[in-house]
Amino acid sequence: MKYKSQQIAYAYFICAMALFAVQVLGGLTIGWIYVQPNFLAETFPFHIVRMIHTNALIVWLLLGFFGAAYFMIPEESEREIWSTKLAYIQLALMMIGTLGAVAGYLVGIHEGREFLEQPLWVKFGILVAAVIFLINISMTVLAGRKTAITGVLLMGLWLLSLLWIFAFINPENLSLDKMYWWFVVHLWVEGTWELVMASILAFLLLKLTGVDREVIEKWLYVIVATALFTGILGTGHHYFWIGLPGYWQWVGSIFGALEIIPFFMMMSFAFIMVWKGRRNHPNKAALLWSLGSATVAFFGAGVWGVLHNMHGVNFYSHGTQITAAHGHLAFYGAYVAINLAIISYAMPLLKGREPYNQVLNMASFWLMTGGMAFMTFTLTFAGVIQTHMQRVLGNYFMEVQDELGLFFIMRFISGTAVAAGALLFIYSIFVVRRREVVAPGTGNAAPAKSDPLPGE
């Protein structure tokens, strides 16, 4: 680790992993409630547990992005972070707001808007933290070397923060409310977060493969252009049924379908860079998570998104278990996995360990990814049956839910695998201290170690 201020990322990653554990355990609890609907009904009702599950997901992903920025930008800008004190104040604000929001949920204080349930004072706290972050990072970048990676990362984080302002608009008209709501939710996950994901992926591939920066930056520019071109108007695929004009059916369907392009390019980008790579980096876990993130994001956000978001299909499938299948695989591939990739890369450097391929970490990848894939297929089959029974045959919602019991059990089993994988990842990152290097076999004659790149 070349710059002392990169150590800021360590505190962010600790908090992110704590909330990651809360998120997956909350999800596991929800999965069991689907099997046993009265479980914890009097103590922690379903909607409260779900709010904690989804809010913990969003906050830990943001903390991961912030931590990644504090780790990447000193190396890219070739200078220390402008103010380490401001970085820790920002983290404290984020954690106070998160704990305050959870405490409010437990006593019934929330705004009732899905994903934006936070009380107003928490929203202001998040905005202040975002402003502190932007000032800190922008001052660092402006005073140092400018690269495409820092430019794209900054653009994504600035747009992400500006879009948060729409969270404060809460009109009484339900159509307007949902429109502003999508300005935050959709333009985050299918716009600005894609820029952050692409920049982190580019940084990791630059370090792990040794491909020329110029080649990586060309790919990055094309991915960013396609992500913005398709993602902004692709928001229209959420406007079908909330009262906006009918032309959004076609605009949303066409541009929503094109949103698969940047994810396909990111997957191609990752594999081509590894294929052209000139070095055999010893941190195999970081490389596995990087390739896995691009691949699963393509299927979860791209393929499942296209299948689900055409207005002719969405008319029947909207709000069924198909939506849950798409949402789970897309979030896992695009944002959970890329966060775990940068954490897998950064933590050995932050903790001063020997380079190692992290066997337990890689085991956690297959456990989580396998569980998430099984959950996606389970929810997709359940959603198809639900769509037919509920939307075509006209059966009542609760009657259909009773018929899906077997799928809910299968979903809980796959969720158990995901939760076990997540806890194994956290253990492998923070607890294991001995070297984990598996010697190359006959099928991989390349050396297990390579010369470190500058900054490692």
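Reply: Let us begin with a definition: a residue is buried when its relative accessible area is under 20%, exposed when the value is over 50%, and partly exposed in between. Please keep in mind that this is a predicted model.

Me: Why is Arg-213 called partly exposed?

Reply: Arg-213 has a relative accessibility of 24%.

Me: What makes Glu-76 buried?

Reply: The relative accessible area of Glu-76 is 1%. The cut-off for buried is under 20%, so Glu-76 is buried.

Me: How do you know that Glu-76 and Arg-213 meet in a salt bridge?

Reply: The term requires a side-chain nitrogen of Lys or Arg within 4 Å of a carboxyl oxygen of Asp or Glu. For the side chains of Glu-76 and Arg-213, the N to O distance is 2.8 Å, and the pair therefore qualifies as a salt bridge. This pair links distant parts of the chain, with Glu-76 in helix 2 and Arg-213 in helix 7 (residues 213–234), 137 residues apart. Together with Glu-217, the two residues are linked in a network of salt bridges.

Me: How many salt bridges does the structure hold, and what makes Arg-50 and Glu-114 one of these pairs?

Reply: The structure holds 8 salt bridges. In the pair of Arg-50 and Glu-114, the closest N and O atoms are 2.7 Å apart; the cut-off is 4 Å, so the term applies. Arg-50 lies in helix 2, whereas Glu-114 is in the loop between helix 3 (84–106) and helix 4, so the pair ties together parts that are 64 residues apart in sequence.

Me: Are Arg-50 and Glu-114 buried or partly exposed?

Reply: The relative accessible area of Arg-50 is 31%, so Arg-50 is partly exposed. Glu-114, at 30%, is partly exposed as well.

Me: What is the distance in the salt bridge between Lys-207 and Glu-75?

Reply: The closest N and O atoms of Lys-207 and Glu-75 are 2.8 Å apart. The pair links distant parts of the chain: Lys-207 belongs to helix 6 (residues 174–209) and Glu-75 to helix 2, 132 residues apart. Both Lys-207 and Glu-75 are buried.

Me: Why is Gln-23 called buried, and what does its side chain contact?

Reply: Gln-23 has 9% relative accessibility; buried means under 20%, so Gln-23 counts as buried. Gln-23 is placed in helix 1 (residues 8–35). Its side chain makes a polar contact with the side chain of Trp-60, at 2.9 Å. Leaving aside residues up to four places away in sequence, Gln-23 touches His-53, Ala-56, Leu-57 and Trp-60.

Me: Why does Ala-21 count as buried?

Reply: At 18% relative accessibility, Ala-21 falls under the 20% cut-off and therefore counts as buried. Ala-21 is also placed in helix 1. Apart from residues up to four places away in sequence, Ala-21 touches Leu-423 and Ile-426.

Me: How many cavities of 30 Å³ or more are found, and what lines the largest cavity?

Reply: A search of the whole structure finds 1 cavity of 30 Å³ or more. About 70 Å³ of space lies in the largest cavity. Its lining includes Leu-62, Phe-66, Met-94 and Ser-161. The lining residues divide into 8 nonpolar, 1 polar and no charged. Helix 2 (46–77), helix 4 (120–143) and helix 5 (148–163) each supply at least two of the lining residues.

How values were computed:
Residues are numbered from 1 along each chain as its sequence is written. This is a predicted model: local features need pLDDT of at least 70, side-chain atom pairs count only at pLDDT 80 or more; totals for chains, interfaces and linings use all residues. Side-chain values use heavy atoms; hydrogens and water are left out. Helices (H or I, at least four residues) and strands (E, at least two) are DSSP runs, numbered from the N terminus. Buried means under 20% relative accessible area, exposed over 50%, partly exposed in between (1.4 Å probe, protein chains only). A polar contact is a pair of N or O atoms within 3.5 Å; within protein, one must be able to donate a hydrogen and the other to accept it, and residues adjacent in sequence count only if both atoms are side-chain atoms. Contact means heavy atoms within 4.5 Å. On a 1 Å grid over the protein atoms alone, a cavity is a set of points where a 1.4 Å probe fits but cannot get out, and a pocket is an open set with protein on both sides within 12 Å along at least five of seven lines; lining residues have an atom within 4 Å of a point. Grid points are joined across faces, edges and corners, and a volume is the space filled by probe spheres set on the points. Ala, Val, Leu, Ile, Met, Phe, Trp, Tyr, Cys and Pro count as nonpolar, Asp, Glu, Lys and Arg as charged, and the others, Gly among them, as polar.
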